[in-house]
Amino acid sequence: MAQKFYVVWAGRRTGIFLDWETTRSLVHEFAGARYKAFATRDEAERAFRAGPSPTSARAAAPKPSTKKTPEADDATRFGVQLYCDGACEPNPGNAGSGLVVYRGGILQELWFGLHNPNGTNNTAELNALYQALLYAAREIEGGATVQVLSDSKYSINCISVWAPGWEKKGWKKSGGEIKNLDIIKTAYALYTSVLPQLTLTHVSAHVGTEGNELADRMAMHAVLTKTREFIRYEPIDVPAILRMRAG
């Protein structure tokens, strides 16, 4: 059987892949997925750079369900939802962070930056969460209800589960040092200042949740562009952004 080259422009990961099973895992039930098979690598590389054509496949949409996802329910409960994510390549290495802002369930802003050439995935996630908390604090001061969503259990646990105990023990823990302590202490102080008006939620990574996918692309964009400032990304073209490299 002749080798095929599968281009994924929008999926859980994007790029060129050599087998259908891998490609299917990236596009199956991924909202807005775009992909196509090519006979040669050269054709695939040119197509990936050019973007999807009208003949590229769209993954079948998931069957309608009467049960909403937690994120869909939360869109009606919170005035502002903030998705944050970090990326690092290699790990440790070039790190960056991303933030996505929804108001009333409608996408409003994208942010990226905080490049660190000597970072880790954990520092990138913590920096992203801290930026989300800074944004949340401003919104809460204006009377908004805010939910912050992160796919990093580590950063969520650092701020909301482990930090209170570490603080009581003089910011020490049994078994060794607390890594990334400076950003943890700063983020924890901000987190406690906005409670109970803030809800911090873990969201699964790379399962097609738009906010999470966009935050991932923003974080990776920061890594690739080595952007040190935390700045707005424009224009907001969701299909084009989802075709960007995933973290």
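1. A helix axis, as used here, is a line fitted to the C-alpha atoms of the stretch in contact, and angles run from 0 to 180 degrees between N-to-C directions. With that in hand, note that the structure is a predicted model. The axes of helix α5 (residues 153–168) and helix α6 (residues 181–194) come within 10 Å and cross at roughly 85°. Angles of 65 to 115 degrees count as roughly perpendicular, so α5 is roughly perpendicular to α6.

2. Which residues form the contact between α5 and α6? From α5 come Tyr154, Cys158, Ile159, Ser160, Ala163, Pro164, Trp166 and Glu167. They meet Ile184, Ala187, Tyr188 and Tyr191 of α6. Sorted by class, the contact holds 10 nonpolar residues, 1 polar and 1 charged.

3. The model contains an open sheet of 6 strands with mixed pairing, in the order β9-β8-β5-β6-β7-β10. Its edge strands are β9 (198–202) and β10 (231–232), each of which pairs on one side only. Helix α4 packs on this sheet and touches β5 (80–89), β6 (93–103), β7, β8 (146–150) and β9. The direction of α4 makes about 160° with that of β5.

4. Strand β7 (residues 106–119) and β10 run antiparallel and are joined by 2 bridges. Phe112 has Ile231 in β10 as its bridge partner.

5. Is Gln131 buried or exposed? Its relative accessibility is 17%, and because the limit for buried is under 20%, Gln131 counts as buried. Leaving aside residues up to four places away in sequence, Gln131 touches Leu99, Leu114 and Phe230. Leu82 is 49 residues from Gln131 in sequence, yet their C-alpha atoms are 9.8 Å apart in space.

6. Thr23 is a second residue to look up, in helix α1 (residues 20–27). Its relative accessible area is 0%, so Thr23 is buried. What lies 3.0 Å from a polar atom of the Thr23 side chain? The backbone oxygen of Asp19 is found at that distance. Thr23 also touches Tyr6, Val8 and Phe17, again not counting residues up to four places away in sequence.

Methods. Residues numbered from 1 in each chain as written. Predicted model: local features only at pLDDT ≥ 70, side-chain atom pairs only at ≥ 80, totals over all residues. Heavy atoms only, no water. Buried < 20%, exposed > 50% of the residue type's maximum accessible area, 1.4 Å probe, protein only. Contact = heavy atoms within 4.5 Å. Helix = DSSP H or I, 4+ residues; strand = E, 2+ residues; numbered from the N terminus. Polar contact = N/O pair within 3.5 Å; in protein donor to acceptor, adjacent residues only side chain to side chain. Pairing = 2+ DSSP bridges. Parallel < 35°, antiparallel > 145°, perpendicular 65-115°, else oblique. Nonpolar A, V, L, I, M, F, W, Y, C, P; charged D, E, K, R; others polar.
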